[in-house]
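Let's learn to read a few local features of a protein model, one question at a time.

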Amino acid sequence: MNSTSRKGLYLALSLLLLPLVSCAGNGGSSTSASDSSTSSTSIDYGFEKAASYEIEETEAPYQGVGYEIFTGAYYDGSGDGKGDFKGIEQKLPYIKELGFERIWLTPIHPSPSYHGYDVIDYYDVRSDFGTLDDFDSLVKSAHELGLEVIIDLVLNHSSSQNPWFIQSAQDYRNDYSGTNSKKDWYVWSEHSAGGYAYNSTAEAYYECNFDSGMPEFDLDNEEVRSEIENIVSFWLNDHDIDGFRLDAVIWYYVGNASSNKEFLRWFKDTCLAIKEDAYIIGEAMDNSQTFIYEYARSTGLSYFNFPTSQKNSSSPGMMLQNETNASRYGKTTAEILTKFKRNAPESYFSNMVSNHDLDRPYNYFLVKGDREEDYKKALASLYLLTPGTPWVYYGEEIDLWGTRGSENSDIARRLSMIWGNGDPRADNLEHYDDSSKQTSPGANVLLEEAFSLTNHYKKVINLRNKYPNLFDMDSTWEGADLTSGIAGFKISDAEGNVYYLYHNVAEEAREADLPASMDVVEEIYTSTYKAKKEGDHLILPSFNSILLKE
């Protein structure tokens with residue numbers, strides 16, 4: 001039976017059984033992983049084969065995509081085996097090529113721990129990363145490439161080795177409140193309680209909800225706030241950074257959300273008075289979308305959207321586990337966006353699927369067989385092609401492995417980036433051994449492969465950079481899911497232009513009639529095949545995404 005008669009027979013049967021045809025996404029006889037869904041029921045649509053993603057590199061808008069770097073795990077620029085500032089500076093062209101707008105560096109300050117979230121000195125950098133001059137060089141080079149740099153700022157607590165805490169314990173014991181006293185810089189108590197530890201110098205208990213080595217500041221103390229203002233000015237003014245990622249904002253005042261929000265409003269006003277375009281984003285680690293709305297509404301700051309991470313109910317990772325749910329992704333996400341804009345008009349929506357505290361996302365699809373990489377690409381398309389400021393965790397674009405699992409260590413989530421083509425890998429933090437599990441090859445190699453995961457990220461990010469009016473917070477997104485397997489959005493920009501963005505989240509091609517007359521403007525060839533559009537009828541290959549304009 002030839003392809004034309006076979007297609008006619010299949011369509012006739014489909015009218016009796018299904019509202020729309022469900023069919024394999026292949027257009028020829030290729031046997032690559034992306035073509036593996038061919039079966040006896042496949043339809044030969046005659047899809048045109050794409051040669052590459054056809055990436056047009058463009059400048060990122062302010063509401064572009066961010067890139068989180070675990071500072072000691074990225075690249076060794078000094079030759080001592082450790083990730084450092086010089087290494088990150090050397091890799092800025094790679095970051096720029098992928099289309100990112102800004103980078104976030106996890107804590108850079110001196111600290112007794114590998115992770116740095118217990119700061120000894122807020123006015124210096126840890127020596128294994130380099131010097132302040134090295135850091136300044138990194139910032140200057142980033143700015144020359146049009147990249148912003150933000151740093152982690154840990155204000156809930158310091159290290160117990162911080163001189164401020166050591167003095168505070170002494171001043172508390174001596175009941176000293178005179179000149180330069182630090183007695184009330186931390187939260188002390190005469191009584192033991194949950195979240196407190198005993199200090200023998202002070203002969204009292206101090207608040208430390210995260211760890212006994214992380215004593216918590218009294219953020220109501222005006223001297224503490226004055227010191228924070230000095231710290232902010234030091235980094236924004238003296239070292240020309242572009243903003244901050246705020247750690248653990250819901251723990252500033254335990255169980256007191258209104259005080260947390262008051263402090264965050266004060267911090268925002270403080271930063272903007274120093275640098276009017278400072279970028280500030282907070283970690284309010286909660287999986288309730290309403291919780292994120294409320295913090296954004298009350299403070300005017302942006303927050304990482306944890307409800308879209310991992311396999312939470314409305315996350316793309318969970319949606320992709322089931323085609324029926326994935327088909328509703330457009331409607332579900334549009335409702336979230338509408339509520340977010342209504343509740344928090346000053347904030348940016350900040351989608352993410354992973355970070356340094358979460359497992360790497362692609363283990364979700366280990367059971368997907370030879371379509372595994374296509375699912376990974378689909379996940380990237382779904383979460384990155386949303387408005388606001390999405391965030392990518394370094395290594396996600398090369399499928400870097402790292403899950404806590406039975407390891408019981410977050411180090412497994414913070415492993416060194418792999419480069420390849422002669423670029424040495426920095427030592428893993430704490431000499432963690434991942435040799436039996438880690439991905440290969442590295443970023444340099446994958447950039448040379450036309451349809452690699454890395455080039456998929458590059459295509460997706462540069463597509464959204466090319467159409468900033470669609471992905472800024474002034475655009476309006478409505479759910480426009482077409483049929484089982486095709487999730488979609490109707491997008492209206494501030495100038496009145498109307499676009500449609502469709503994602504085929506199925507392992508087979510899907511076809512449907514479009515809701516209006518429109519032209520194809522961009523396509524992401526995840527399956528390596530191009531979509532077919534005949535009049536208002538669209539045939540979209542498996543896992544492809546397409547942008548059309550009325």
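This is a predicted model: local features need pLDDT of at least 70, side-chain atom pairs count only at pLDDT 80 or more; totals for chains, interfaces and linings use all residues.

Q: Where is Asn-221 found?
A: Helices (H or I, at least four residues) and strands (E, at least two) are DSSP runs, numbered from the N terminus. Asn-221 sits in the loop between β7 (204–207) and α6 (222–238).

Q: Is Asn-221 buried or exposed?
A: Buried means under 20% relative accessible area, exposed over 50%, and partly exposed in between (1.4 Å probe, protein chains only). Asn-221 counts as buried because its relative accessibility is 14%.

Q: Which residues does Asn-221 touch?
A: Contact means heavy atoms within 4.5 Å. Leaving out residues up to four places away in sequence, Asn-221 touches Asp-184 and Trp-185. Also, a polar atom of its side chain lies 2.7 Å from the backbone nitrogen of Glu-223.

Q: What is the phi of Asn-180, and is Asn-180 buried or exposed?
A: Phi of Asn-180 is near 65 degrees, a positive value in a residue other than glycine. Asn-180 lies in the loop between α5 (163–173) and β5 (188–189), and its relative accessible area of 58% makes it exposed.

Q: Which peptide bond is cis?
A: The one joining Ser-440 and Pro-441, with omega about 0 degrees. Pro-441 lies in the loop between β12 (391–393) and α13 (443–446).

Key:
Residues are numbered from 1 along each chain as its sequence is written. Side-chain values use heavy atoms; hydrogens and water are left out. A polar contact is a pair of N or O atoms within 3.5 Å; within protein, one must be able to donate a hydrogen and the other to accept it, and residues adjacent in sequence count only if both atoms are side-chain atoms.
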